[in-house]
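Opening the notebook on this one. I'll jot things down in the order I looked them up.

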Amino acid sequence: MELTCLSKGDGFHYPPCHMLNLCGFRILIDCPLDLSAIKIFSPVPYDVGFEASEYPSSDVSLDAQDPVQKKQKLERQLTPADLVCAEPWYKTVKALHLWEASLIDVVLISNPMGLLGLPFLTQNPGFCAKIYMTEATAKIGQFMMEDLVSMHKEFRCFYGPGDSSYPGWIKDLDSEEVPALLKKVVFGESGDDLGSWMRLYSLDDIESCMKKVQVVKFAEEVCYNGTLIIKALSSGLDIGACNWLINGPNGSLSYLSNSILVSLHARNFDINGLKGTDVMVYSDFSCLQSAEVTENGCISPNTDNNYLSTISSDNKDEDLAASLLNTEDSLEEMEKLAFVCSCAAESADAGGSTLITITRVGIVLQLLELMSDYIESSSLKVPIFVISSVAEELLAYTKTIPEWLCDQRQEELILGEPSFDHLKFNKDKKIHLFPAIHSPNLITSWQEPCIVFAPHCSLRLGPSVQLLQRWRGDPKSLLVLEDGISSGLALLPFRPVAMKVLQCSFLSGIRLQKLPTLLSVLQPKIVLVPDAVSQRIDLSGMKINSILSFSENETLHVPRIADNTSVEITTDLASKLSWRKLRQRENFGIARLKGGLLMEDGKHRLVTGLEQEESSGKARPLRYWGTVAQEPLLGALLKMGIKGSIEHSTSENGLENSIIHIANPSSGLIETSEMCTAIVAEDKNVASQILQGIDEVLDGI
Amino acid sequence: MAIDCFVLGAGQEIGKSCVVVTINGKRIMFDCGMHMGCDDHNRYPDFSLLSKSGDFDNVISCIIVTHFHMDHVGALPYFTEVCGYNGPIYMSYPTKALSPLMLEDYRRVMVDRRGEEELFTTTHITNCMKKVIAIDLKQTIQVDEDLQIRAYYAGHVLGAVMVYAKVGDAAIVYTGDYNMTTDRHLGAAKIDRLQLDLLISESTYATTIRGSKYPREREFLQAVHKCVAGGGKALIPSFALGRAQELCMLLDDYWERMNIKVPIYFSSGLTIQANMYYKMLISWTSQNVKEKHNTHNPFDFKNVKDFDRSLIHAPGPCVLFATPGMLCAGFSLEVFKHWAPSPLNLVALPGYSVAGTVGHKLMAGKPTTVDLYNGTKVDVRCKIHQVAFSPHTDAKGIMDLTKFLSPKNVVLVHGEKPSMMILKDKITSELDIPCFVPANGETVSVASTTFVKANASDMFLKSCSNPNLKFSNSTQLRVTDQRTSDGVLVIEKSKKAKIVYQDEVSELLHEKNHVVSLAYCCPVKAKGESDNDVDLIKQLSAKILKTVSGAQIHESEDCLQVGSFKGSLCLKEKCMHRPEISSCSEAVFLCCNWSVADLELGWEIINVMKLNLDNTCKVKGDLL
């Protein structure tokens with residue numbers, strides 16, 4: 001098995017991308033887009049009075065932590081004018097372009113964000129891989145891609161149909177004066193990222209891509225090529241997001257994508273399904289985002305280790321699992337959501353509007369629920385708008401997937417109650433859904449202050465751009481941003497920003513401290529962790545055969561665990577085999593095999609094939625072992641009427657040799673030594689009789 | 001190993017489906033239904049046959065309920081709450097959502113309107129449903145270490161599933177009720193091609209073969225239309241879920257098309273509530289409905305209204321869907337009592353009616369009076385229409401499914417004995433699959449698949465990845481692939497079997513290989529000719545090629561090789577392998593050696609060379 005990490009990604013919106021080589025099959029896991037890179041483009045200017053020169057560049061204060069940016073500060077401040085004024089291109093995973101698309105056998109998509117780059121891959125005429133993803137991922141991912149295309153349309157309208165072959169804006173960026181920050185985004189650290197920029201796909205491309213997808217149900221087992229059995233298990237990250245379990249003839253492999261152990265809305269992380277695999281690929285890079293790591297450098301998992309040592313890991317398995325599923329994290333998440341709500345309510349009280357640019361489906365659903373509950377219980381009368389080309393369909397879809405909801409919501413759904421509280425609310429027309437900001441009914445129901453959910457989180461696309469331009473000067477208004485987006489660059493074209501900005505980071509993976517406990521519950525034989533993780537946490541105390549670490553753009557070879565592969569033999573075939581007993585070995589039975597070897601359901605199976613020369617009777621042995629005892633051989637030959645005499649000699653190479661001369665019925669001789677026996681006879685019948693004699697004194701098969 | 005299929009209910013009858021299957025020690029109960037036509041103790045399956053002590057938890061590994069009809073789920077609250085079964089119960093999401101509605105409705109009918117003693121209470125239903133684990137289609141569930149179950153789409157009603165269960169190497173499918181064609185709102189049954197030891201299939205329509213359903217749908221619509229056009233009232237007694245939705249979609253559509261203003265009523269809030277569930281569970285409906293659902297929800301009926309009891313005697317035409325179906329009790333029977341005497345009215349009976357119900361009596365003949373349960377008689381002058389399309393598969397569908405799955409055995413349940421027997425003969429003769437029709441209380445035992453498991457060495461698997469073609473032409477040319485025959489299965493007592501490549505056997509036994517070969521120093525040509533030796537080898541190989549089919553000959557200056565057969569020119573005066581007497585005493589010899597694997601091949605080649613020698617000797621003799 002081989003693992004190549006093509007990209008370690010960046011947070012929820014840009015999941016990591018890996019290439020696996022398993023049983024000779026190439027498996028691509030996830031195909032994301034780096035949407036944060038489009039921040040180098042200037043948004044479509046709606047405001048006529050908006051000019052970049054109006055704003056003095058001294059306003060721009062970028063994230064001081066970044067050394068590159070610090071250096072940049074010395075050179076020159078980034079101004080809105082530096083942003084690229086052109087139809088945006090999109091940045092894909094660079095290393096993926098180095099692989100021949102036609103040689104990929106399987107594509108696994110573990111969450112909707114991992115689907116966004118797939119149309120670029122399927123456009124390739126040689127692409128013929130089988131694509132698997134859960135039904136919910138396919139549906140939500142398709143909504144997101146369609147939304148992206150519809151938001152991008154504004155740029156097309158503004159800039160007109162450009163030359164599709166080569167983006168002119170890249171030429172302009174290659175000059176000296178261009179700030180290094182932009183250059184870094186465009187050309188990458190090593191300066192070779194240019195090839196990863198792609199022009200956005202069309203709706204037709206999305207459609208043809210989705211036609212190639214084979215959707216799998218929740219925890220459905222699908223069999224690829226008779227060899228790999230692939231199963232999607234919920235990861236808890238969001239609706240439809242999953243981890244993969246792949247069973248093959250050489251053992252089992254589990255792939256852990258970014259996971260959340262206890263989810264407030266989606267199905268929890270499936271622990272039982274992933275237990276005891278041979279290899280586990282832990283690809284959760286979310287620790288790179290979390291602040292706790294950068295502060296202290298390396299986490300010592302002392303607390304967990306102590307915990308581990310106090311209980312014996314064998315029979316307290318359930319206790320460990322329970323400790324993983326404590327609700328601490330989810331309560332913290334709940335508090336964050338409640339805080340966002342209270343901030344929105346505060347600004348609404350003050351007469352300001354709230355713009356929420358979060359696009360994570362789960363977070364949006366929970367915020368909608370909390371907000372509507374909050375508004376209903378308070379005297380506040382603010383409308384909630386959701387402006388997105390796919391909002392209506394997306395929200396309708398989330399009502400019809402009980403299998404992907406957490407237990408409590410599932411229960412409510414089955415009792416005939418709405419799974420999310422805002423669904424009730426929606427009926428009372430307090431939440432308004434509009435496909436676009438210029439929708440005909442929007443202006444009639446529009447009312448400020450209000451709370452608006454609008455994409456896109458990069459602040460370059462979609463209705464959020466216009467709303468931000470409207471409200472940026474209003475200190476009473478509130479902008480809710482997702483973290484992990486360098487807000488300096490994101491807000492650059494909108495400066496000066498007078499409105500309040502709330503940046504919130506939500507859990508998008510497993511907390512590093514939980515990893516040791518998780519590993520001792522799952523008990524994989526080999527675990528593969530990113531070098532970023534192994535540097536931050538000491539896993540050497542774990543009871544795991546081996547822990548290997550992998551890094552971006554390097555191929556890691558993983559040794560095979562099982563020495564022997566299992567083969568299943570059908571009972572009717574086994575009964576047809578002709579068994580031989582061995583001399584002096586009562587306990588052994590050996591038989592030459594028959595039939596055909598198949599690969600079925602990921603298992604080698606020996607089944608009755610086209611029977612070969614059934615009539616030939618008992619086949620004669622082809623391989624012998626042991627030594628020929630001469631006296632018994634003479635005796636056996638005599639029974640068949642063959643007489644011989646023994647003569648000892650030493651051959652040229654000094655080996656002890658015996659020769660049995662045969663005179664009757666025709667001349668011949670048997671030359672035998674410790675390692676070999678040669679039968680010399682002119683007559684075929686005599687030779688085969690001698691062979692029979694040898695069969696009687698020598699074990700063979 | 002064997003699979004035991006114990007039929008507790010629905011054996012040679014329809015009603016109280018309950019089949020208990022034991023696979024390799026695991027016992028699964030499929031469905032837990034009640035009989036709608038019985039009032040006595042026969043209403044429930046006889047659970048005491050499973051365990052005398054009443055401890056069901058240790059006897060049964062799990063219960064799987066295929067759909068929410070009373071004859072499949074009716075006895076579940078009784079079994080869990082009264083009999084005390086506490087193990088896992090699996091149902092699809094819609095079945096879990098809709099079963100409590102059906103059970104509660106039935107309980108109310110039984111207790112409130114027929115005044116019977118209560119068999120289970122509302123609390124029983126709620127508690128029972130709490131134990132149910134909901135499953136999704138194709139979701140593979142590991143019930144315990146050995147038992148694996150999976151549900152497949154069955155059509156029939158919303159949420160109906162077929163169940164695949166596997167223990168070790170043995171696997172079975174229990175179909176529940178299924179439909180092999182799509183209907184107005186549900187898709188057709190869909191299952192993977194599985195390797196099965198046993199298929200347990202329903203056989204409601206074991207002999208019927210239905211054509212297209214469209215003329216039958218039209219018949220139904222016209223019958224209803226004629227009735228309301230004549231000012232009559234149409235009564236459609238049906239269960240709240242399933243048929244009601246399908247017929248309602250049909251009528252609603254027709255009403256729209258024909259611009260009919262006659263009201264369509266639903267007798268209970270239950271159906272309205274059910275429609276809400278249908279909207280939520282849209283992913284379980286047919287592809288057609290799913291696609292439409294984005295724009296218009298097909299379960300938002302435009303012409304449908306709620307019915308009020310006072311409307312029974314209201315003048316004017318109407319269509320009424322009333323529960324329960326089969327006219328077995330409750331409101332539908334009450335309405336029937338009032339409407340049956342008028343010749344203007346119509347009773348449309350959808351689907352199957354169990355023996356013993358009023359519905360069955362109406363369908364059986366054309367009675368002028370009917371006895372109701374409490375002894376009152378009702379004159380029947382209204383028209384009776386039997387809806388001729390059904391959510392059950394027909395005989396062709398059962399045959400198609402059986403042929404598709406090709407199980408090793410078939411058990412038929414949920415049907416009427418005479419037609420089941422006909423179908424049984426058909427399956428046995430046409431598909432050559434053993435078929436059983438057990439009665440209630442009977443057990444069918446069939447053999448189950450087991451595999452012998454062995455560890456295979458890498459060398460064996462590697463050798464198997466290359467074709468090893470053997471050619472033979474005893475009577476005609478035959479090509480066989482014998483790659484597996486290079487493998488050897490080794491079994492040692494109390495150890496796992498091993499498969500190794502033939503060269504590895506001795507190593508496994510801690511023995512040394514012993515090579516047994518044949519040798520013969522064969523005269524090939526008379527001496528004295530000045531011919532080049534290279535030519536001689538070439539000549540020989542040409543001869544060999546002519547007579548030995550499929551031989552691949554490698555030749556060099558003074559030797560040739562075919563498979564393990566090696567021959568090299570022997571320059572020795574006296575060779576061990578040379579026979580003492582030879583026809584041509586002064587000759588060129590080819591010293592040959594071949595292994596036992598190529599025994600026959602070796603002799604063939606020797607023969608060729610001998611013939612060659614004879615010929616040259618003859619030629620020389622002629623010349624002399």
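How many helices and strands does chain A have? I get 22 helices and 34 strands in chain A, taking helices (H or I, at least four residues) and strands (E, at least two) as DSSP runs numbered from the N terminus.

Housekeeping before I go on. This is a predicted model, where local features need pLDDT of at least 70, side-chain atom pairs count only at pLDDT 80 or more, and totals for chains, interfaces and linings use all residues. Residues are numbered from 1 along each chain as its sequence is written, chains are lettered from A and ligands numbered from 1 in the order in which they are written, and side-chain values use heavy atoms, with hydrogens and water left out.

**Chain A overall.** I checked burial: 56% of the 701 residues in chain A are buried (under 20% relative accessible area with a 1.4 Å probe, protein chains only; exposed is over 50%, partly exposed in between). Then contacts (heavy atoms within 4.5 Å): among those in chain A between residues at least 6 apart in sequence, 69% join residues at least 24 apart.

**Glu333(A).** I found this residue in helix α10 (residues 328–349) of chain A. Is Glu333(A) buried or exposed? Its relative accessible area is 10%, so Glu333(A) counts as buried. Skipping neighbours within four places in sequence, I see Glu333(A) in contact with Leu264(A), Phe506(A) and Leu507(A). I also looked up Leu593(A): it lies 260 residues from Glu333(A) in sequence and 60 Å away in space, C-alpha to C-alpha.

**The A/B interface.** On the contact count, 75 residues of chain B touch 82 residues of chain A. The buried area is about 6800 Å², with 55% of that from carbon and sulfur atoms (accessible area, 1.4 Å probe, that two parts lose on being put together, summed over both).

The rule gives eight salt bridges across the interface of chain B and chain A (side-chain nitrogen of Lys or Arg within 4 Å of a carboxyl oxygen of Asp or Glu). One I noted is Lys138(B) with Glu220(A), whose closest N and O atoms are 3.7 Å apart. Which element gives the most to the side of chain B that touches chain A? That is strand β28 (residues 513–526) of chain B, with eight residues.

I traced strand β26 (residues 585–592) of chain A to strand β26 (residues 487–492) of chain B: five bridges join them, and they run antiparallel (pairing takes at least two DSSP bridges). Within β26(B), Val488(B) is the bridge partner of Arg592(A).
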